[in-house]
Amino acid sequence: MPRFYFHTETDVRTTDYEGHDCASYLDARREGIATCGQMMRDAPDSFWGSRPWSVSITDADNLILWEIHIDGQPSSAGRLLDPQDAVERV
């Protein structure tokens with residue numbers, strides 16, 4: 001079973017030295033998407049106003065197979081809201 005590595009970058013870059021065994025390339029890509037979702041669930045407030053976040057999925061030879069970039073930006077209307085107002089309206 002091939003091993004894939006999921007390197008993340010928010011305000012800090014984290015290198016995955018252990019990796020994760022996936023049954024296929026498609027499973028590795030799905031795991032990358034799930035990693036993005038988990039990152040956003042773990043720190044939803046720090047996501048807004050930060051630099052774009054990313055996940056890079058590499059193989060055992062450190063070849064980058066996929067990169068996922070996540071960037072949340074408020075719209076013009078969203079910029080007018082106090083961040084606390086936005087939380088209360090959701």
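Salt bridges first, everyone: the count comes to four, where a salt bridge is a side-chain nitrogen of Lys or Arg within 4 Å of a carboxyl oxygen of Asp or Glu. Keep in mind that this is a predicted model, with local features needing pLDDT of at least 70, side-chain atom pairs counting only at pLDDT 80 or more, and totals for chains, interfaces and linings using all residues. Residues are numbered from 1 along each chain as its sequence is written, and side-chain values use heavy atoms, leaving out hydrogens and water.

Let's take aspartate 21 and arginine 3, whose side chains meet at 3.3 Å, N to O. Aspartate 21 sits in strand β3 (residues 20-21) and arginine 3 in strand β1 (residues 3-9), 18 residues apart. Helices (H or I, at least four residues) and strands (E, at least two) are DSSP runs, numbered from the N terminus.

Next, glutamate 9 pairs with arginine 51, their closest N and O atoms 3.0 Å apart. Glutamate 9 is in strand β1 and arginine 51 in the loop between α2 (44-47) and β4 (53-58), so this pair ties together parts 42 residues apart in sequence.

What about aspartate 27 and arginine 30? Their side chains meet at 3.5 Å, N to O. Both are in helix α1 (residues 25-42), three residues apart, which means about one helical turn between them. As for networks, salt bridges that share partners join Glu9, Arg13 and Arg51 into one.
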